[in-house]
Amino acid sequence: MDTDFIVIGGGIAGVSVGARLSELGRVALVEAESGLGYHASGRSAALFDMCLGAPPIVALNRASHAEHAAMGGLSGRGLMVVGRAEDAVAFERDLAHMALERLSPEEARARMPVLNPETVAFAGFNAEAWDLDTDRLIQAQAREIRGNGGTVTTGARVTAIARVATGWRVETAKGPVEGRILVNAAGPWVDAVARMAGVAPLGFTPMRRSMARLPAPGGHDLRGWPMVVGAGERWYCKPDAGKLLVSPAEEDPMAPHDAFTDDMVPAEGLARYEKMVTEPVTRVETNWAGLRTFAPDRLLVTGFDPAESAFFWQAGQGGVGFQTAPAASRLAADLVAGQAPGIGAELAAAFSPGRFAR
């Protein structure tokens, strides 16, 4: 047998679970693309929003915060929600769910000077949102795998998976790998990997989200601006290296692929953003898209498959993969080690693949 754990997928889900499992045995991580974090992980908005997601995900966020802070991957940003007069219902819902401090429109403009006083009727702010150094996180986890005697192989697209007496044999473009436990962290391709392994898929849906990069509006210094979200998440913007990222916040179901933008979608998001600011959009420097993958109930899936005891799901991160990675990967290691989950049995059960009827 080559290894203890074969991890398929080199995004944040794969490298973080690989790093934790490398404390328990030898890990072989295989990634189809030429580099780690190529798909959704490399196209993230790179924000840790403590209140993002359903209550079980918020609990994972809170369980992950201390480790993120200890790794030095967080820097202050803050999150502000703004709305028009007609967004009153959506804004009040966001205010409660996202634990926002209500701001006057004038206070909001102090935080983002280009907000339009004629259209911004509501605003709220939460300081519990931080920029994430996503590349640093991925590379740190990969170094940990290697440092514990494991391997990280890119350009190793999986072509076949077979159950063997000692566990699994995975054929890749760079040769076969054998291991005791197979960890499926393949992002949008997790159901395809399951089928290849003879395991019933769980019904994940990849959804496209697009992003456009603009020059700094009006030449402003954006370093102190928060991430700003339109009420009901109809759009959002975030400073990034002196530029402004703007997303239409769409969720368009897609087949797994190397995602790209539909030009009309970013344009619609930019139009919604432009109505809320005083500076017109005169130039888009670049745009891109990524696929965020959701389970049917939009919660992460972490655990052994009920019908295949050597097949482990680490899937369905749905846009919270980076911020939940410390707690989600620790949960995976606890389950593999056969010990009580550090996050508690009730919360762990919320992410179990056993929750889906087959």
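Helix α8 has a kink of about 40° centred on A327, where the bend at a residue is the angle between axes fitted to the seven residues ending there and the seven starting there. The model is predicted, so that local features need pLDDT of at least 70 and side-chain atom pairs count only at pLDDT 80 or more, while totals for chains, interfaces and linings use all residues. Residues are numbered from 1 along each chain as its sequence is written, and side-chain values use heavy atoms, with hydrogens and water left out.

**Helix α8**
- In α8, 14 of the 17 residues are buried, meaning under 20% relative accessible area with a 1.4 Å probe and protein chains only.
- G338 follows α8 and has a positive phi, near 75°.

**Nonpolar cores**
- The largest nonpolar core has 29 residues, and V7, L21, L29, L36 and V183 have the most contacts inside it; such a core is a set of buried Ala, Val, Leu, Ile, Met, Phe, Trp, Tyr and Cys residues joined through side-chain atoms within 4.5 Å.
- Among the elements that each supply at least two residues of this core are β1 (3-8), α5 (134-147) and α8 (321-337), whereas the largest share, six residues, comes from α1.
- A second, separate core of 26 residues includes A156, V199, F204 and F356.

**Helices α1 and α5**
- These helices, which are DSSP runs (H or I) of at least four residues numbered from the N terminus, meet through residues including I12 and V15 in α1 and I138 and I145 in α5, a contact meaning heavy atoms within 4.5 Å.
- The residues of the contact of α1 with α5 divide into five nonpolar, three polar and two charged.

Definitions and conventions: Buried < 20%, exposed > 50% of the residue type's maximum accessible area, 1.4 Å probe, protein only. Nonpolar A, V, L, I, M, F, W, Y, C, P; charged D, E, K, R; others polar.
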